[in-house]
Amino acid sequence: MLVFWEQRLAILATPKTGSTAIEAALESLAALSIQRPPVLKHTNVARFHRFVGPYLAAAAGGPFTVVAMMREPRDWLGSWYRYRSRDDIPDEAKSTQGMSFDAFVQAWCSTPRPAFADVGSQARFLHGGEGRAADRVFRYENIDAFVAFLEDRLDFQIILPQLNVSPKASLDLSPDTMARLQTVAAEDFALYNSLD
């Protein structure tokens with residue numbers, strides 16, 4: 001999470017949407033940068049509006065604009081699957097090595113989710129409940145629009161480095177698994193499809 005005081009702007013770090021590259025490019029400009037531990041780095045909209053936002057608004061004398069990125073849901077799960085297939089995953093229960101993407105998605109669609117597939121939901125991350133969502137959500141697939149928005153707000157040219165890139169892997173899904181994913185992740189697909 002990055003906070004820009006004068007611009008009254010907060011960038012939430014939706015997992016697996018390029019947040020590490022954004023932080024690397026902009027950390028030196030931010031009034032507040034939270035990169036560790038992951039539970040704080042990836043503060044969701046609900047926690048922001050409940051804890052961080054009110055404190056910032058009281059200290060600054062006004063609310064902050066909250067922005068974030070969202071990835072197409074299947075692609076987002078693919079990024080998690082590929083990320084967790086690396087050799088250096090410290091918790092073996094979270095590894096996807098030797099598993100197909102189809103099996104990973106089936107596991108994500110199950111209740112309860114096994115540890116390797118328990119990666120949450122972008123819709124839940126970006127919607128705080130009680131009508132308190134992020135002010136603007138940008139598509140990861142159109143990161144240029146996000147960068148242009150940030151350049152305008154921060155009056156700074158941004159060049160994003162390539163960081164935290166996951167290994168390549170096949171992301172094939174059977175028609176049955178894709179249909180199940182669209183049902184289970186209906187909120188995620190609806191939110192993504194509502195974005196510009």
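**Figure 1. Helices α1 (19-26), α2, α4 (73-83) and α6 (122-126) each supply at least two residues of the lining of the largest pocket.** The model is predicted, so local features need pLDDT of at least 70 and side-chain atom pairs count only at pLDDT 80 or more, whereas totals for chains, interfaces and linings use all residues. Residues are numbered from 1 along each chain as its sequence is written, and side-chain values use heavy atoms, with hydrogens and water left out. Helices (H or I, at least four residues) and strands (E, at least two) are DSSP runs, numbered from the N terminus. A pocket is an open set of points on a 1 Å grid over the protein atoms alone, where a 1.4 Å probe fits, with protein on both sides within 12 Å along at least five of seven lines; lining residues have an atom within 4 Å of a point. The largest pocket holds about 1100 Å³ of space, the volume being that filled by probe spheres set on the points, which are joined across faces, edges and corners. Its lining comprises 44 residues, with Pro15, Lys16, His42, Trp80 and Asn164 the closest to the centre. Helix α4 gives the most to this lining, namely five residues.

**Figure 2. Lys41 lies in helix α2 (residues 38-41).** Lys41 counts as buried because its relative accessibility is 10%, buried meaning under 20% relative accessible area (1.4 Å probe, protein chains only). The side chains of Lys41 and Thr20 are joined by a polar contact of 3.1 Å; such a contact is a pair of N or O atoms within 3.5 Å, of which, within protein, one must be able to donate a hydrogen and the other to accept it, and residues adjacent in sequence count only if both atoms are side-chain atoms. Leaving aside residues up to four places away in sequence, Lys41 also touches others, including Met1, Glu23 and Arg36, where contact means heavy atoms within 4.5 Å.

**Figure 3. The second largest pocket holds about 220 Å³ of space.** Of its 15 lining residues, Arg136, Val137, Phe138, Leu195 and Asp196 lie nearest the centre. Two or more residues of the lining come from each of β5 (136-139) and α9 (186-194). Strand β5 gives the most, with four residues.

**Figure 4. Five strands form an open sheet with mixed pairing, in the order β3-β1-β2-β4-β5.** Strands β3 (32-33) and β5 stand at the edges with a single partner strand each, so one side of each has no neighbour in the sheet. Two strands pair if DSSP finds at least two bridges between them. Strands β2 (residues 9-11) and β4 (residues 65-70) run parallel and are joined by three bridges; Ala10 has Val66 in β4 as its bridge partner.

Conventions:
Buried < 20%, exposed > 50% of the residue type's maximum accessible area, 1.4 Å probe, protein only.
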